[in-house]
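Have the sequence and the structure open while reading.

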Amino acid sequence: MSDTPQDMSTDQRVKDFRDTFMKMSDEISKVIVGYKDVINNVLTALMCRGNVLLEGVPGIGKTMLVRTLGEVLDLRFRRVQFTADLMPADIVGTQMIAQDDAGNRTFRFERGPVFTHCLLADEINRATPKTQSALLEAMEEHSVTVAGTRYVLEEPFFVLATQNPIEMEGTYPLPQAELDKFIFKLDVLFPGLEELDEIIVRTTYEEMPPVNVVASGEEILQLRKLVLEVPIAPHVEDYAARVVLATQPRSEFATELVKRYIRAGSSPRGLQGLILAGKVKALLDSRYCVSCDDVDEMAVPTLRHRIQRNLEAEAEEVSTDVIIADILEKIPQTVEAV
Amino acid sequence: MARTQAIVKVVGRVTGRVRMWRLIEALVRACKWVLWGALPVYIVNLIWSLPLVVLLLPPAALVVFFIVFGVKLLSGVNRFEVAKVIDDQVGLKDRMTSALYFERLGFSGGLTDAAVDDASQLAERVDPGRLSVGSMPTQTVAVVVLVALTVVVAVGPLNIADWLTADKETTVTEEAADAQKKLDGPTEVPVAALPKAMEPVKRKETLEQMTKLESERPPERDPDSMDIEMDPDLEDDIEAIKASISLKDMEDVEEAFKDDQKTSDPNERQERPPKIAPLDKELLDDIVRSKKEKMKKGEGSKDDAIGIAVKMPAKPGARQKGGPRKGRGGHGGGDVGESGDTKGPPRRVNIPGRDPLIVESRRSADIIQKTDLERVVMNELMMRLSMEDVRVVGKAASVPPKFTEQKRDPVVEETVPLGLRGYVQRYFEGLAAE
């Protein structure tokens, strides 16, 4: 990564992207046992300029994952524990009266924890919707507005939020508008036997191994540019669009499951995330263009939190993952002549 | 185009095979859709033989569906589609397809060129001969089973309809054999079957009796010809009867006897000849004489007495024992005639030395009226008289527009009376002439 992108060939840039990505994944895996897919998807979201919502029971390493990510990327890391009495000012900052040497008192903006590179919003569903909405602007536009003044966040900005799917008392489910800001929603499942044994070895016999810094913030931005350059053929775009449209129960592409169990489908932002994630996937596969398989692979984490189930689906415990899998099975990868 | 030359070359070599597989897919689809409908038809044909046209429908539908699916599937076979097939088979993940699209759309630079070059390099390594560009559709097995089942049902040995026909033929043959046995068997009737054997004899007697009655029955007259054109001899007979025995004559007879009753002197009245035609008198005398003889022999009956219209009274001496009775008759004091008429039968007048005629009823005039011949005459007269005051207000042809045509079924059929048939016929002939 010593040469500038202009000096490197396309092949080299793609190779550098894949190497950097894999190094970051490996470094995080030093601390986080298992969850390779979760780690890769978090890094993919980072390359796509997206935010990630991690859902899992407490104690399985969500916070550790985000903290390690910050260390690997040599980025500033802040953590905010969301509670019911947390206020928006506690996140974005507030105006405070300050007195200078001359004795003049003026308002001074005290920056909140959102002013960082990597923000961990732990148990985000425990805060009130008002506080949750304080993150909306930061997540989408990478800026915050306080007292009429807009503050641009330093890039790369990245929000990882966690929520507990079990303990729901005293929580406020995230509104759909905020959910739509997350490019991925990743289910962090409970580790298996092998992973638990490895966790015991790593954490109880010795200290946590130190992680190396793999890439800087600037390098991450360069990798993001490369992602945007990846071309996509019309038939793949068409396929991705049809998949997203199929999540709408009133769409002509909607499957029977969608018509029966879905109340509202994905937004166009879901399609954007799907294409970007596909591009990252193509680069990681040493390809220069997106394929329909990339769309298929990234459809579940990209669309699962953008689809609203109806009461019937909740009663019958039909998950969005099942519905998306049904969509991918039913929507053909046809090729239209241009 | 030069960049994608290798891709186009591979695609060109595979296109023909892709088309063939598409046709196979079209055939499988057509079979799937058609055979589900054809199988029940052929099963029904096993039981009830269907017309040949119905049996030919499934093959015709198969051909139509095959053409439709084939055209639809083959129309989608372009080089992008073939490249997609190759990508899927080789695992190139849309590299060749995307490269063709980029070339077609004129994309270039950066990763696009890299994508096209990468696809071209991979295309050179692809061996079209080893590509299995098509695979049997997933429903092929089910369709093959369905085809086999349909063939067995349609042209196989199972044919219940033939079996049923064969059973019917066997039954008919057995019945014919039984009939032949009966014909060839002994003609002697068993004793137990004698009552049944006697039955035709009774029937024969009945038939003979009916034949006899039929022969005695007067021949049927054609009402049309009778009404339209009456036999001249018959007309003469009618006129003769009307002239001889008419209502006027009978009224004269009655008035003559009333006059006799009003006369106080029986002798004077006795000398007055009755106002009755000599022929009628002789006829009446004969009738009365014959009735008397029958009564003496005990052959007469009450009915006969009622049917006698004119009769001679009892001997005058027998009627004069109680003297002349007063009153107008009736059950209390009057002598009710044998006809039972209580409305004032004329008092019997004792005429010594003679047997005066007493008219008890006017039934003598009704005898002729009860015959068909008299009804014909009376109807003729009634119709002619009734038509005299008819005033024509319009033509019959103006009626049909207001007439709602009815079906044949609800029309009530009524038998036109014998005497009116001619006029009904003329009426409708008149309508036809209009």
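The model is predicted.

## A covered strand

Strand 5 of chain A spans residues 118–122. It is mostly covered: five of its five residues are buried.

Which way do the residues of strand 5 of chain A point? A:C118, A:L120 and A:D122 point one way. A:L119 and A:A121 point the other way. Both sets are buried, A:D122 included. In a regular strand, side chains alternate between the two faces of the sheet.

## Its pairing partners

Strand 5 of chain A pairs with strand 2 of chain A, residues 77–81. The sense is parallel, and the pairing runs over five bridges. Strand 5 of chain A also pairs with strand 8 of chain A, residues 158–163. That pairing is parallel too, over four bridges.

In strand 2 of chain A it is A:R79. In strand 8 of chain A it is A:L160. A:L120 itself is buried.

## Where chain B touches chain A

The contact takes 18 residues from chain A and 20 residues from chain B. On the side of chain B, three helices each supply at least two residues: helix 3 (79–90), helix 4 (95–105) and helix 5 (111–125). Helix 4 of chain B gives the largest share, seven residues.

What is the make-up of the side of chain B that touches chain A? Its residues divide into eight nonpolar, seven charged and five polar.

Technical notes:
Residues numbered from 1 in each chain as written. Chains lettered and ligands numbered in written order. Predicted model: local features only at pLDDT ≥ 70, side-chain atom pairs only at ≥ 80, totals over all residues. Buried ≥ 20, exposed ≤ 12 C-beta atoms within 10 Å, placed from the backbone. Pairing = 2+ DSSP bridges. Contact = placed C-beta atoms within 7 Å. Nonpolar A, V, L, I, M, F, W, Y, C, P; charged D, E, K, R; others polar.
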